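Work through the exercises below with the model at hand. Each task is followed by a stepwise solution.

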Amino acid sequence: GHLFLFSEYRYIGIFTGVFGVAIFLFLDSVKGFGTKILSGFIGMKIATYANARTNKETRVLGRHSSQLFAL
């Protein structure tokens, strides 16, 4: 009886370990996708804000002053 139980527990342990690793990797990739989307959104907000500020300054300083901001 004990040999059968140990054999069953071994198979259940292997299955649980493999399944647990698969779930962990899947959830980790989902978390990575969410982080990527959030960082892209924040980056675009910062870029458009900086572009608007530069555009406003060139309008205030004059038409040819845009060359001051070009590096």
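**Exercise 1.** State why F15 and F19 are separated by about one helical turn.

Solution. F15 and F19 are 4 residues apart in helix α1, so about one helical turn separates them. Helices here are DSSP runs of H or I with at least four residues, strands are runs of E with at least two, and both are numbered from the N terminus. The model is predicted, so local features need pLDDT of at least 70 and side-chain atom pairs count only at pLDDT 80 or more, while totals for chains, interfaces and linings use all residues. Residues are numbered from 1 along each chain as its sequence is written, and side-chain values use heavy atoms, without hydrogens and water.

**Exercise 2.** Classify F15, F19 and I23 by relative accessibility.

Solution. Buried means under 20% relative accessible area, exposed over 50%, and partly exposed in between (1.4 Å probe, protein chains only). F15 has 57% and therefore counts as exposed. F19, at 47%, is partly exposed. I23, at 37%, is also partly exposed, and its place is in helix α1, residues 2-61.

**Exercise 3.** How many aromatic pairs does a search of the whole structure find?

Solution. The search finds 1 aromatic pair. F15 and F19 form this pair, with 5.8 Å centre to centre and 15° between the planes, and it is stacked. Rings of Phe, Tyr and Trp (its six-membered ring) pair if their centres lie within 6.5 Å; planes under 30 degrees apart count as stacked, over 60 as edge-to-face and the rest as tilted.
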